Amino acid sequence: MHFAGLDIGSTMTKVVLMDTTDRVLSAIKGPTGPEHRQLANEVMRMALEQANLQLDDISYIVATGYGRLNVPFADDQITELSCHARGVSSLFPNVRTAIDIGGQDAKCMKIEKGKLVDFAMNDKCAAGTGRFLEVTAATLGIRLEDMGNTSLKATKKIPISNLCTIFAQQEVVTLLSRGEKLEDIIAGLHDALASRVAALMRRLKVEPDVVLTGGVAKNIGMVKAMKENLGCELLVPEEPLLTGATGAAILAKEIYIKASAEGETISTKPRRLKKATFFS
Amino acid sequence: MTWFMGIDIGSVYSKGVIIVDSELAAYHVIPSGANYQTAAETIRQELLRQLNLSQNDIADTVATGTGATNVTFASRQVSDIVCTARGINNVFPQARTAIEVAGQSTKAIRINEQGMVTNFTISEKCAAGSGRFIEVIANVLRINLKDFGPLSLKSRQPVTFGTGCAVFGESEAITRVAEGVPKEDIAAGVNKALASKISSLVKKIKLEEPCAICGGGALNTGLIKTVEQETNIKLLVPPQPQIITALGAAVIARTPKPNM
């Protein structure tokens, strides 16, 4: 039996295919695309191809994330908080605090014995999310994926006084024109974002093990800044973008197996890779 | 005749006025650009040119705003809160509250009979709480700032913005445009979002009527109407809302110094 988890984020769509032993058969990350959520079928097709499977081979499919309600072939939708918590605890059984920093929000989760017990979230202000770095990277003319390594060359952190992304954009231009070094500005930006996220996390009690996920976790400079701001060690999965989809796939398996064990018939959607029709 | 000059170097626009007695004689507004000193000098030259005066005719100059220290020809700098209050008091002596919607912040100020500040509050450093939000969305809609107000007034179904963030608001506006939502509904939605932030800011200092609104944001007629709806009061709007703080600076320049 095979199971699928789809995580439709604001920026990236992620698919994980698993078997009953939680072995990952394929994992694909693709863009969500400008036409919101319409590429889910495309990313799913790539994942099936990689695992050499057909859609009919998948017993149960769970969708999560911002665009989860619009995946025509998903059998169930589960919130990203539950899926992240499940995915993170499967990778790090001792996790008690997890923080996911995505392109559109930041979620802090308290986890006990693999279950989500509390959470705090920012989806209201771009300055506390990955978007802050996306926007300021564009202003600085540097690729997002180069920010981390560049920041490691910094000899100082330039304090960014503006908490607002739009005003910070203006501020970095002023800093550049004043002759400040790119790496020092980026180190300052990382510190600004990290201190915002740490403040969000402190609304809950930060207890080890602490795990960082989401696209921002791929930025080595941000991992460093988060450690400094939290004053503790951080665990980062090898694939920090895939924890939501991984959790979704595991939950798909658990739902399916539980239903089968109880002799319930489980309803599934037609196994057709249809394009989502968001605008119709 | 004795002339006094007030210069207000803001984050987005620079404003200057010359007054004679209590009367506005000339004013000028330009984008601040990258060099505040140049902006201040350009305004000074233009004001003097309009009235055919030379620098020697100006008895005193007061500078205010973010870039006040760059106004090298001013005799002193005064805080923008004080200048806004004095400017409003000059135009509307009866006003007890002033709301200033500027390019980088919004301020709510309580004013006494003498035009002195008795209390004030400034918005957080957040683009969605300032005129900047309007600029960002006007850019998405590809409309001129001066057309924003009239356009928004045509709306019958303002869109609701999901967050209080200008960055997310920008993405939302792009999505709405792609969905074919009329521009006026998006413009009206932004005015509504900003008006609700302004209304909660004003509540912090307990709005006392009459209340005036000024700053570049007050050029947006749609925003004024929406703020009136949100706060449930009628607002006094000066004919030139953008130059009120500069006017206040000029009035202060005229006031004998020991009183300041």
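The C-alpha centres of domain 1 and domain 2 of chain B lie 25 Å apart. This is a predicted model: local features need pLDDT of at least 70, side-chain atom pairs count only at pLDDT 80 or more, and totals for chains, interfaces and linings use all residues. Residues are numbered from 1 along each chain as its sequence is written, and chains are lettered from A in the order in which they are written.

**Domains**
- Domain 1 of chain B covers 1-92 + 242-260, and domain 2 covers 93-237; the bounds come from an automatic or database domain assignment.
- Their contact takes 14 residues from domain 1 of chain B and 22 residues from domain 2 of chain B (C-beta atoms, placed from the backbone, within 7 Å).
- Helix H2 (residues 80-91) of chain B gives the largest share of the domain 1 side, seven residues.

**Overall build**
- Chain B has eight helices and ten strands (DSSP runs, numbered from the N terminus: helices are H or I, at least four residues; strands are E, at least two).
- Of its 260 residues, 52% count as buried (20 or more other C-beta atoms within 10 Å of a residue's own, C-beta atoms being placed from the backbone).
- The C-alpha atoms of chain B fill a box of roughly 60 × 35 × 30 Å, taken along the principal axes.

Notes. Buried ≥ 20, exposed ≤ 12 C-beta atoms within 10 Å, placed from the backbone. Contact = placed C-beta atoms within 7 Å.
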